[in-house]
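I am keeping these notes while I look through one structure, writing each entry as I go.

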Amino acid sequence: LVDAHYREIHRVNGQLNAFVTIDEERARRQATLADDAIAAKAPLGPLHGVPITIKSSIDVAGLVCEAGTRLRQGYVAGSDAPLVSRLKSAGAIVLGNTTVPEFLMAWETDSALYGRTNSPWDPARTPGGSSGGEAAAIAACCSAGGIGSDGGGSIRVPAHFSGICGLKPTPGRIPASGHF
């Protein structure tokens, strides 16, 4: 499943520009461990082996978390945000992280660091923002699911623009620590 998603990422990301970081080596190691756990009949988490992506404003240990701005350029998260830790504990495999507009403050995803993210349905259009990289990646089958954030429409708008389902959790339900 991880291999299939990476094939799709490599096939379409040049046109989409949805990814900031592709963490192929670590994800493949996690996929091997997931396969080994199945073979050993070990207890499995509810998201065992599910490939996901994370918005690049949420800390994933070892990946850049620049929030689309030159002011944070090169910042690499030293640890996982609690949300990411919980997903990994449930068995999810992080494929990489996705583009955002500067400071997450736009209805489209056009990053000063990485450029414009395009809709998988029409490259002349935006997938919305600020979780536009997530929406584009999911809609283009580059990820089985992903984590965005939403203070004023940043999950809901890209989901709508990209024809996918987006859920804004109840405020306080998911810890915001580790999110820029």
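**Ground rules.** I am reading a predicted model, in which local features need pLDDT of at least 70 and side-chain atom pairs count only at pLDDT 80 or more, while totals for chains, interfaces and linings use all residues. Residues are numbered from 1 along each chain as its sequence is written, and side-chain values use heavy atoms, with hydrogens and water left out.

**Entry 1, helix H2.** I looked up H2, which covers residues 24–39, and found that its 16 residues reach 22 Å from the first C-alpha to the last, close to the expected 22 Å. The expected span is 1.5 Å times one less than the number of residues. Helices here are DSSP runs of H or I with at least four residues, strands are runs of E with at least two, and both are numbered from the N terminus.

Which residues of H2 are buried? I noted Ala27, Ala31, Ala34 and Ala37, where buried means under 20% relative accessible area, exposed means over 50%, and partly exposed lies in between, with a 1.4 Å probe and protein chains only. Seen down the axis of H2, these buried residues fall within an arc of 120 degrees, so they line one face of the helix; the arc is taken from the directions from the helix axis to the C-beta atoms. An α-helix has 3.6 residues a turn, so residues three or four places apart point the same way. On the other side of H2, I found Glu25, Leu33, Asp35 and Ala39 exposed. Helix H1 (2–16) and strand S3 (93–98) are among what covers the buried residues, with contact meaning heavy atoms within 4.5 Å. Just after H2, I saw that Lys41 takes a positive phi of about 55 degrees.

A pocket is an open set of points on a 1 Å grid over the protein atoms alone, where a 1.4 Å probe fits, with protein on both sides within 12 Å along at least five of seven lines; lining residues have an atom within 4 Å of a point. The largest pocket holds about 710 Å³ of space, and of its 32 lining residues, Gly148, Ser149, Ile155, Leu167 and Pro169 are the closest to its centre. Helix H4 gives the most to this lining, with three residues.

H2 returns here, giving the most to the lining with five residues.

How values were computed. Points joined across faces, edges and corners; volume = space filled by probe spheres on them.
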